[in-house]
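I opened this notebook page to record what I looked up in the structure. The entries follow in the order in which I made them.

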Amino acid sequence: MSNAESFIKLSKVHEWLDELFLAHQTALLSLDLSEAERCLDFYETNLRLHIKDEDEWLIPTYGARASDIPGGAVEFFTGEHKKILGFVAEFHEMLSQLRNQKKLQLKHAIIRLLDREAMYKGLLGHHHAREHNVLYPWLDWLTSEAEREKLLAQCSSLEAYRSR
Ligand SMILES: [Fe+2]
Ligand SMILES: [Fe+2]
């Protein structure tokens, strides 16, 4: 395997997504619900691009060539993607319920939302580590340089990260 191209660079997309989520949480701390919603929308748009890259191109390539990799069953990755999107849908719902609340209740509700988001960040950290340590290095190992170039060029989340 040549080092010219590597799927590990997708971990930069993870870091960027984490920053976008932090911007949403920062707006929550300022009680700025519109900004929190806007940031969550932007985060979700880019998160979905990234998950689509993995579900449509990367995981199928990996799944067709890899077998019995410890901690690397295809269902782990795709199942976590479903859980991740489920959490984000829940945050939208919780955010919509914050409207028209009085200040103290609003603060309490934001604390509940942040608590829930802390659980999400735990799941996400676990998921990103699994991809960084298993999916991406194995994909590097299982593909030719030409394939890596082609697959990475298809990743629209990488494109979005680069033009951020
Ligand atoms: Fe993923
Ligand atoms: Fe990923």
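Entry on the end of the first helix. I noted that leucine 31, which follows H1, has a positive phi near 60°. The model I am reading is predicted.

Entry on H1 itself. I compared the length of helix H1 (residues 10-29) with expectation: at 1.5 Å a residue its 20 residues should span 28 Å, and the end C-alpha atoms are 29 Å apart, which agrees. I then listed the buried residues of H1, among them Val13, His14, Trp16, Leu17, Phe21 and His24. Their cover includes helix H2 (33-65), helix H3 (74-96), helix H4 (103-142), helix H5 (145-154) and helix H6 (156-162).

Entry on the metal site. I recorded glutamate 54 as a bridge between the iron ion (ligand 2) and the iron ion (ligand 1), which lie 3.2 Å apart.

Entry on the whole chain. I counted six helices and zero strands. Of the 164 residues, 44% count as buried. Among contacts between residues at least 6 apart in sequence, 82% join residues at least 24 apart. The C-alpha trace spans about 60 × 35 × 20 Å along its principal axes.

Key:
Residues are numbered from 1 along each chain as its sequence is written. Chains are lettered from A and ligands numbered from 1 in the order in which they are written. This is a predicted model: local features need pLDDT of at least 70, side-chain atom pairs count only at pLDDT 80 or more; totals for chains, interfaces and linings use all residues. Side-chain values use heavy atoms; hydrogens and water are left out. Donors are N, O and S atoms within 2.8 Å of the metal (3.2 Å for Na, K and Ca); water is not among the atoms, so sites may look incomplete. Helices (H or I, at least four residues) and strands (E, at least two) are DSSP runs, numbered from the N terminus. The expected span of a helix is 1.5 Å times one less than its number of residues. Buried means under 20% relative accessible area, exposed over 50%, partly exposed in between (1.4 Å probe, protein chains only). Contact means heavy atoms within 4.5 Å.
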